[in-house]
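Please keep the sequence and the structure in view while reading.

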Amino acid sequence: MSEIVPVISATGLYTPPDSISNEELVKSFNAYVARFNADHAVEIAAGTVSELQPSSAEFIEKASGIKARHVISKAPILDPAIMAPRWAERANEEISVLAEIGVAAARDALSRAGRDAADVDAVLCAASNMQRPYPAMAIEIQAALGIEGFAFDMNVACSSATFGIQTAADYIRAGHARSVLVVSPEICSGHLNWRDRDSHFIFGDVATAVLVEAVDIAPQPHWEILGTRLKTVFSNNIRNNFGFLNRATPETAGAADKLFVQEGRKVFKEVVPMVASLIVEEAAKLGLDGGALRRLWLHQANQGMNRLISQRVLGHEANDDESPTVLDTYGNTSSAGSIIAFHLNSEDLAAGDAGVICSFGAGYSAGTVFVRKVA
Ligand code: COA
């Protein structure tokens, strides 16, 4: 029996309407710093508390390429007394915030594919932070869309979406499903420490969806999945210790390690070679070396990392057409980043053009999805 070919039928995107510019962010951060330093003037003078340093919009743009980020809850994040997203807790009968934005992205993907939700067999909620342990966010999304079949959550941090696409593709190859939604709602503002100067500018909120289907039911145009490759290597350099075994107590409430923490320089140095060789090796295996890759839709964490990775893969510095960025307006949106880059920068490619969607992040984890446009 010949193998069923999995394809990407469509992608979907939900972008929160509110955005925070670097200037707005730095103004709020620096107000917090001034307040902290004034409140602790005596201890700072005595040398028992370290004086906080201000942030700068120029540094942020130069170090990361980020100019702004979308967020779901802007005012509390910018309030120097809060500096975290806040919204009214919802009753169990109401849809969760994470599921709500996931559903919006999923509906976008379904309508682009001309697909009725009732024809979808499975939903994977693939994201770096779930709103709760259970019931699964994916099952809530499945119910809201009226999908039969099965759904479950999976978390591979920034690589969740590419790992989700391979999982969906494998279900299709094995005949367990013919139409699978991979939904990545990323409310990164909830796990970012907005008071940490080294990382307060990194993340934004968004949701993406990828509809992976068997080729015989897919609409035209679509993207044939030529091959996928995943890799994980344990590292403590990006870590978040939040969990049910360390519930907030007066001692731990607000502890910085219960939010995102990283050794940014080590991440940069260790992840770039790992990802570049993953792409190069897999491209060669698929016969996509030697200039056959028309576009790289890379994870959106840092423009310097993307510059180096694309240089190693293409053999020259990539231009915006070869390796498009969405970092400037979205910031790092964890697993959704490479999917946003693909969603916003794939329509112009011609039939036969091939490219790679690539993610990397905590774990470490890296995933590649090689695709070719069929029209
Ligand atoms: N405003 C102004 N200056 C700042 C600053 C801020 N917000 N944050 C740090 N600085 C200063 C530091 O104090 C340091 O000053 P010094 O040289 O006088 O000591 C200097 O800028 C460099 O700091 P550093 O933290 O080493 O910055 P960097 O150039 O490594 O850039 C990252 C920081 C996070 C952007 C970078 O390491 C990176 O992108 N790493 C990749 C990892 C990543 O993005 N991970 C996300 C998850 S996948």
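Two strands are taken to pair if DSSP finds at least two bridges between them. The model described here is predicted.

## The sheet

Strand β4 (residues 122–126) meets that criterion with strand β6 (residues 179–187): the two run in the parallel sense and share four bridges. Within this pairing, Cys 125 has Val 183 of β6 as its bridge partner.

Both strands belong to an open sheet of nine strands, ordered β5-β4-β6-β7-β1-β8-β13-β12-β11, in which the pairing is mixed. The edges are formed by β5 (150–154) and β11 (293–298); each has a single partner strand, so one side of each is left without a neighbour in the sheet. From one strand to the next, the twist averages 25 degrees.

## Strand β7 and its partners

Strand β7 (205–214) lies between β6 and β1 in the strand order. With β6, β7 pairs in the antiparallel sense over nine bridges, and Glu 186 has Val 206 of β7 as its bridge partner. The pairing of β7 with β1 is also antiparallel and comprises eight bridges; here Ile 8 stands opposite Val 212 in β7.

Is β7 mostly covered or mostly uncovered? The strand is mostly covered, with 10 of its 10 residues buried.

Which strands does helix α5 touch? Helix α5 (residues 97–113) packs on the sheet and touches β1 (6–14), β4, β6 and β7, with its direction at about 125 degrees to that of β1.

Helix α9 (residues 303–314) also packs on the sheet, where it touches β11 and β12 (354–361). The direction of α9 makes about 155 degrees with that of β11.

## Helix α8

Helix α8 (residues 264–285) has 22 residues, which at 1.5 Å a residue should span 32 Å; the C-alpha atoms at its ends are 31 Å apart, in agreement with that value. A bend of about 30 degrees occurs in α8 at Val 271, and Pro 273 follows within four residues. After the helix comes Gly 287, which has a positive phi near 70 degrees.

The buried residues of α8 include Val 267, Val 271, Met 274, Val 275, Leu 278, Ile 279 and Glu 282. An α-helix has 3.6 residues a turn, so residues three or four places apart point the same way. Also buried in α8 are Val 272, Ala 276 and Ala 283.

Note on methods: Residues are numbered from 1 along each chain as its sequence is written. This is a predicted model: local features need pLDDT of at least 70, side-chain atom pairs count only at pLDDT 80 or more; totals for chains, interfaces and linings use all residues. Side-chain values use heavy atoms; hydrogens and water are left out. Axes are lines fitted to C-alpha atoms, for helices over the stretch in contact, and angles run from 0 to 180 degrees between N-to-C directions. Contact means heavy atoms within 4.5 Å. The expected span of a helix is 1.5 Å times one less than its number of residues. The bend at a residue is the angle between axes fitted to the seven residues ending there and the seven starting there. Buried means under 20% relative accessible area, exposed over 50%, partly exposed in between (1.4 Å probe, protein chains only).
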